[in-house]
Amino acid sequence: MIIDERTYTCHPGKAKAWLEIYERQGKPIQWPIVGEPIGFFTTDTGTLSQVVHWWRYESLADYENLRRKLSAAPGWSDYVAASMPFLVKLESRLLIPASFSPLK
């Protein structure tokens, strides 16, 4: 199992607006393809105006396959275009749980 950790830094004060666009346009496309996320979070300390979400994949091949399907899904590129004006920076990290991790 791997976890895709995505951190989106929004323009100051725009995280709520980004979440609204995601919930309305992105979620209905993404969740049926990728599955429900492990979690969706906003930051309250440290770097503010960030949205962090974690996605579970069975393997790197699963990740690549599902991300490819998502990119090709009808409406996904429209959602991405609508969300970009709210974002300053996008980061993605693939996390591999240690052998003793409770989350694996």
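The model is predicted; local features need pLDDT of at least 70, side-chain atom pairs count only at pLDDT 80 or more, and totals for chains, interfaces and linings use all residues. Residues are numbered from 1 along each chain as its sequence is written, and side-chain values use heavy atoms, with hydrogens and water left out.

An α-helix has 3.6 residues a turn, so residues three or four places apart point the same way. Helix α2 itself spans residues 60-72. Its 13 residues reach 18 Å from first C-alpha to last, close to the 18 Å expected at 1.5 Å a residue; the expected span is 1.5 Å times one less than the number of residues.

The chain has three helices and four strands. Helices (H or I, at least four residues) and strands (E, at least two) are DSSP runs, numbered from the N terminus. The order from the N terminus is β-α-β-β-α-α-β. The radius of gyration is 14 Å, close to the 13 Å that the globule rule gives for 104 residues, so the chain is as compact as a globular protein of that length. The radius is taken over C-alpha atoms, and the rule is 2.2 Å times the number of residues to the power 0.38. Buried residues make up 36% of the 104.

The largest nonpolar core has 20 residues. Such a core is a set of buried Ala, Val, Leu, Ile, Met, Phe, Trp, Tyr and Cys residues joined through side-chain atoms within 4.5 Å. C10, W18, Y57, W76 and Y79 have the most contacts inside this core. At least two core residues come from each of β1, α1, β3, α2 and α3. Helix α1 gives the largest share, six residues. Leaving aside residues up to four places away in sequence, W18 touches Y8, C10, F40, V51, H53, Y79, S83, F86 and L87. Contact means heavy atoms within 4.5 Å.

Technical notes:
Buried means under 20% relative accessible area, exposed over 50%, partly exposed in between (1.4 Å probe, protein chains only).
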